[in-house]
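Me: I am new to this structure and want to know what lies behind the words used for it. Please show it, then take my questions in turn.

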Amino acid sequence: MFGFLKRKQKKTTPEAPEQAPAEQAATQSAAAEAVPAEAPVVSEPRTSTEQEPAPADSGQSDSGQSDLSQSLEKTRRTFADGMADFLLGRKKIDQELLDELETRLLSADVGMDATTTIIDELQNSLSRKALNDVEALHLKLTEIMTRILQPCEQPLDTSRAKPFVILVVGINGAGKTTSIGKLAHHFKQQGKSVLLAAGDTFRAAAVEQLQTWGQRNDVPVVAQGTGADPASVIFDAVHSASSKNIDIVIADTAGRLHTQDNLMDELAKIKRVLGKIDPEAPHETLIVMDAGFGQNALHQVQQFHDSIGLTGLAVTKLDGTAKGGILFSIATSLKLPVRFIGVGEGINDLRPFRAREFVEALLD
Ligand SMILES: Nc1nc2c(ncn2[C@@H]2O[C@H](COP(=O)(O)OP(=O)(O)OP(=O)(O)O)[C@@H](O)[C@H]2O)c(=O)[nH]1
Ligand SMILES: [Mg+2]
């Protein structure tokens, strides 16, 4: 049954403003092609007796892994507002209701293709008199929406290489560094050893931010000075991980726009240099995408994909936007695996993407 019918009488809080888009990408120049010589700084994990500091940007929103529907509240409300008015007091599902639903799907950024699929199928059921009540609508909607998202549910399997190298890319402020911190936690919880590579050498603060996450997770961070060649840092990190028998290397990179050719070349160079260690590396090129950017972000991801080849997505800030329906647009247009979703700033606020769980949280 739709949860919003039950919540209908509850007062909702006003929406927080959406996260402002990243305005400018970094402008560092592409570094020379040679493979690195500079000695890296490795921040080793602290001993377990030391106090654990909270990261500067951790926020207070560790929601644990339990209430996804709470985290998706804003998007859920986009579906729900108005629908409850429609549904309450109605004994049967009719065309007017489907029209309202169509509007709601579009305003949650579900996109034209997925919305058309959903409404067409519901209309079919309606004409076959198979949508007799709200419960039948709920079931059918869950089934159709899950089916659309299912192909994107491809969990990241890190066991096929050691170290398994994850190169994290994306535009400025999408949530790359924070997601790396959360990922390190995720993998450590699975009993894997992790090493982080500070490939964002553009700003000193970026290295510090990653080091803070390293401390928090008790994992080593390989870094060089500001302005160092990112390919060199990441190359050293993978070497270091190999010699320490570490399972997973996660490499941070500076934010950039797909239009900045020199910076896109820099990513291509990182991939080339990694290929010298292991032809399969990086084993995952993961783009971090801010859900709040909606359809614009889709276009950016497509450009990154065309330019360097992506193998997966982490969709962040689903808690901060009413447009979480973007996952459906990703499923119908990008067709890339969605590995993880970010639903807050805390260390537990990244979870593997599961289609059914996501749909149920939206329709709860
Ligand atoms: N609400 C919310 N905030 C997030 C999420 N992921 C990241 N953030 C916040 O987004 C902001 C930017 O995150 P960063 O990890 O620094 O982003 P970045 O892509 O590394 O940024 P640059 O290195 O500058 O390109 C920080 O304030 C994070 O706490 C999320 O899932 N939900
Ligand atoms: Mg960053």
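Reply: A residue is buried if 20 or more other C-beta atoms lie within 10 Å of its own, exposed if 12 or fewer, and partly exposed in between, with C-beta atoms placed from the backbone. This is a predicted model, in which local features need pLDDT of at least 70 and side-chain atom pairs count only at pLDDT 80 or more, while totals for chains, interfaces and linings use all residues. Residues are numbered from 1 along each chain as its sequence is written, and chains are lettered from A and ligands numbered from 1 in the order in which they are written.

Me: What makes lysine 129 exposed?

Reply: Lysine 129 has 8 other C-beta atoms within 10 Å and is therefore exposed. Lysine 129 sits in the loop between helix 6 (112-127) and helix 7, and its phi is also positive, near 55°.

Me: Why are helix 7 and helix 14 called oblique?

Reply: Helix 7 (residues 134-149) and helix 14 (residues 355-363) pack at an angle of about 140°, with axes 9 Å apart. Axes are lines fitted to C-alpha atoms, for helices over the stretch in contact, and angles run from 0 to 180 degrees between N-to-C directions. Angles under 35 degrees count as roughly parallel, over 145 as roughly antiparallel, 65 to 115 as roughly perpendicular and the rest as oblique. The two helices, helix 7 and helix 14, are therefore oblique to each other.

Me: Which residues of helix 7 and helix 14 make the contact?

Reply: Among them are His138 and Leu141 of helix 7 and Phe358 and Val359 of helix 14; two residues are in contact if their C-beta atoms, placed from the backbone, lie within 7 Å.

Me: Which residues are closest to ligand 1?

Reply: They are Gly175, Thr177, Thr178, Gly255 and Gly342, out of 23 residues that surround ligand 1. A residue is near a molecule if its C-beta atom, placed from the backbone, lies within 6 Å of it.

Conventions
Helices (H or I, at least four residues) and strands (E, at least two) are DSSP runs, numbered from the N terminus.
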